[in-house]
Structures are given as structure tokens and as C-alpha cells.
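Here are my notes on the structure, point by point. They are meant to be read with the coordinates open.

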Amino acid sequence: MRTAYSVETVRTAERELMARLPEGALMQRAAAGLAAACADLLGKVYGARVVLLVGSGDNGGDALYAGARLARRGAGVAAVLLAPDRAHQGGLRALLAAGGRVDDVSVIGRADLVVDGITGIGGRGGLRPDAVAALWAVSDAVPVVAVDLPSGVSADTGEVVGEAVRADATVTFGAYKPALLIDPAAEYAGALRLVDIGLDLPVVPDLESLQYADVAELLPMPSAESDKYRRGVVGVVAGSARYPGAAVLAVAGALRGGAGAVRYVGPAADAVIARFPETLVHAGPPAKAGRVQAWVVGPGLGDDRSVVDDVLASDVPVLVDADGLRLLDASAVQDRSAPTLLTPHAGEAAALLDVSREEVEGARLASVRALASRYGATVLLKGSTTLVAAPSGDTPVRVNPTGTPWLATAGSGDVLSGLAGSLLAAGLDARDAGSVAAYLHGLAARRASGGAAVVAQDVADGIAAAWRDVCGG
């Protein structure tokens, strides 16, 4: 599992480690890892032209010491000091002693590699004009390596306010920072490389991102004794005369997600049965449809608030999506004893929080936490990086690593709802169900697209293959 920690946590761990090490040893560890990553990108170090963009403080010191290591291997290393009076003096001396030099911004245009050491994890509010001018001098063809994180992004929130460095790679030290995993900042980071510098970090991180092995461990696999009820029966309340396809896609996601059976309630029964004859259909209301282990309500529903209220009154886990979010009674969610999973996109989240869509997209981490806290529910915030937050603030927010722009297509969210609902019915808690569903959903879209456009049904059809990929079958 990939984990991320806040600036305060990382700095505390750094202080504790520095107290046990010789002076400067921690920075040398970071510089060694940074230099190795730069060498890998260059391929050939001897004769390469490396330009360091150096700000004040330790971040610039890391860049200078790494530059000294590259200079000793025969690279031509020049430092552009954006705050000459506050440049790290030890790092600067090391660079000059190794044969590096200090130069002006004109040298940037001749670089084979640019190292962004402008600001560190404490940077706020975008870059100053002198730093922006230096970035403008960097050719689009020249790779940029960010030190710890791209300068100008907010390390803890992933927000980008003003100009920031767009790196091709980021070498981060000790731990990933939230901004490296969350958009919009993650888009600026490029390929990530973590350098272990020996930090002793808390067991519980601020963020975590599931990997293949984590998802495989969580996936509910049927046993020899399984029947449809042990595998989980999920109820789907979706679709309308105007949007019958939403019901079909939500049922598709539930069936592909391994549900033992799907009970459909709504006006699109004919369309659902025509596509999936194994579906159990009922005219409603949901409370009389039969036994289920979880409900999905909302995709393409229209304006029937009564079925949303009926589902929320049940004592099983409930996923609410799309129109269900618009019709949601906050108190009905807050008063539930069984788990609730809300799955808004940015626009729906903005309406639930009574803020603008731009505010949600610019501060995704804060938004998903605020929603989870306000509604007392687990929230899956869909988007360029899908986030899953539990109502407890002590639980790490999950970041999905498999997202793809091809999921920005009509109906893909309906598939995700059905998929997550099937996992809820199989017994996963709301946080795990949302996280695993998002992972498989993104993986299915990647498989289905192959670099070409996909439709929601392609994503649904790719879920089984994504499941096999994760489980190695």
C-alpha cells in the first residue's frame, strides 16, 4: 500500500531522526537519492548539462548537494540562485568545490536536465515572479525533476494556487506527501520516486492508496459452500422512463462485481430483463422487494423521493448516487445505524456542501472530508483522482490510483454504483467497498480503452477481466 503523510508528521519524524544523526547526514541521504534519480533520467552523466533552480532553505540544499554529486561524476552543473542571500551555504560550498558554478537564467536554455529546488514542503500560494520567469526559460523538451514535490503546490491539500512547476518526475524523501497523490497537484508531479531516508513514521498515515495485493486481499471470493445469499444479494433502485439505461448499467455493475443475485426495483424492468434475464425484478416499493444485503439507489431515478426515503429506512448498507444525492435528506443519513456510502462527482458534492464546483475541484481532499463529516457517511468523491473518506477523521482517506480520463463518459458512474453495491452486499465495509470498486472500475476502463474511446457498457464488461488481473487468474 502506498501511504502519504502530512507536512507536520514528516517534519516531526525528521527532527527526531536528525537528533540521532551527525549534522547534515539526513540531507546527504536525500541528496544521494536525488542524484541517483537524476543520473537514471540522464542515462549518461558525464558531459550532461544540469541546471539547479535553487530557492532558500533545505529544499535548495538538497538540490545543491545532489548537484555536487553529479558534478563529481563529470556533469556540468550550474545553479541559478533565486534567493542568493538565503541559499544553503553548505550545499553551495559543496557544489563549487565539486566544480559546479553559479549562473544566471540564461543558462537554463542549454540544460539537459533541470532540477526544481525552489520551494519545499512548506511552500504556500504559488511561485514568485522571479521563479516563474526561470520556469519560462525551460524548454518543453528538457525534463524537470522536482525535489520532494513540485514547487508551488500545497503539500498537505493538493491545491494549486497560482503558478507551479510541472515536473516530469518528483523525487520525494521519507514519505509521499498528500499533494503527490491528489489532483490537481498530482498532475504536476510526473513519475514518483520515493527515497527512504530512515524516518520513523506513525502506523496510521493521512492518506493511503491501494495496490494490486491490497485489492486482491479485500476481494470477496466465493467458497465451496457459497450460495447466492452468502455471496450477497444487492438491491438496485434506479432508472426511469427517461433514463432506463441507468438501471441497466447499475445492474451490469452489480452482476459483474460478483453479486449472488440482483433485485431490481423500478420502472425499467423490461429493459433490465432484456439485457440480464437473471435479474429479480419487483415493482416496488423497495421495502417489499425481498431480502437484500445492500441497496443501491439513485442512478437515473428522476424525482421519486419516496423510494430514497424507503431505502434509507432499511437496516442494511446503502449506496446513494446521482439523483438520489439530489433528493437526499441529510438527517435521514445521519440517523442511520447501518453504513451509508455516498458517491458524488464534483458538481453533486458542491451542491451537498453548498459551494461552487470549482471549490470542490480545487480542494478535493478538504471537500471529501467535509462531506463525510457533515453526513456521517463514507463518501466516494469521483473525479480525476477518486477519494474515499470515512466519517471518522482518524481513518486515512483512500486515493484511487487507477483512474483514467476515459471514465468521463455517460453511465460509467452507474456501473461504479452497482459494482460498489455488490461489494457492500458481500460484506465489505463502506470504505473498502468504495475503494475496491473504484480500483476495479478504473482498471476495467483502462483495459477496455486501449487508448481509444469507451462507453459505459465497455467498462462494465471489463470488470471481470480487471478482477482476474488483480487476483492473478
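1. Two strands are said to pair if DSSP finds at least two bridges between them. The model discussed here is predicted. With that cut-off in mind, strand 13 and strand 14 (residues 318-320) are paired, since three bridges join them and they run parallel. In this pair, W295 stands opposite V318 of strand 14.

2. Strand 13 also pairs with strand 10, again in the parallel sense, over four bridges. Here V237 is the residue opposite V297 of strand 13.

3. Strand 13 covers residues 294-297, and neither of its faces is left uncovered. A294 and V296 are buried on one side, W295 and V297 on the other.

4. Is helix 8 enclosed or open? Of its 13 residues, 10 are buried, so helix 8 is largely enclosed by the rest of the structure. The buried residues run from A246 and A247 through V248, L249, A250, V251, A252, G253 and A254 to L255. The cover over them includes strand 10 (233-237) and strand 11 (261-265), as well as helix 9 (269-275), helix 16 (412-425) and helix 18 (456-471).

5. As to its dimensions, helix 8 takes in residues 244-256 and reaches 19 Å from its first C-alpha to its last, close to the 18 Å expected at 1.5 Å a residue. After helix 8 comes G258, which has a positive phi, near 95°.

6. A separate point concerns an open sheet of seven strands, with parallel pairing and the order 4-3-2-5-6-7-8. Strand 4 (101-103) and strand 8 (191-195) stand at the edges; each has a single partner strand, so one side of each is left without a neighbour in the sheet. On average, neighbouring strands of this sheet are turned by 25° against each other, direction ignored.

7. D116 stands opposite A146 in strand 6. Helix 3 (residues 58-72) packs on the sheet, where it touches strand 2 (49-54), strand 3 (76-81), strand 5, strand 6 and strand 7 (169-173). The direction of helix 3 makes about 165° with that of strand 2.

Terms used:
Residues are numbered from 1 along each chain as its sequence is written. This is a predicted model: local features need pLDDT of at least 70, side-chain atom pairs count only at pLDDT 80 or more; totals for chains, interfaces and linings use all residues. Side-chain values use heavy atoms; hydrogens and water are left out. Helices (H or I, at least four residues) and strands (E, at least two) are DSSP runs, numbered from the N terminus. The expected span of a helix is 1.5 Å times one less than its number of residues. Buried means under 20% relative accessible area, exposed over 50%, partly exposed in between (1.4 Å probe, protein chains only). Contact means heavy atoms within 4.5 Å. Axes are lines fitted to C-alpha atoms, for helices over the stretch in contact, and angles run from 0 to 180 degrees between N-to-C directions.
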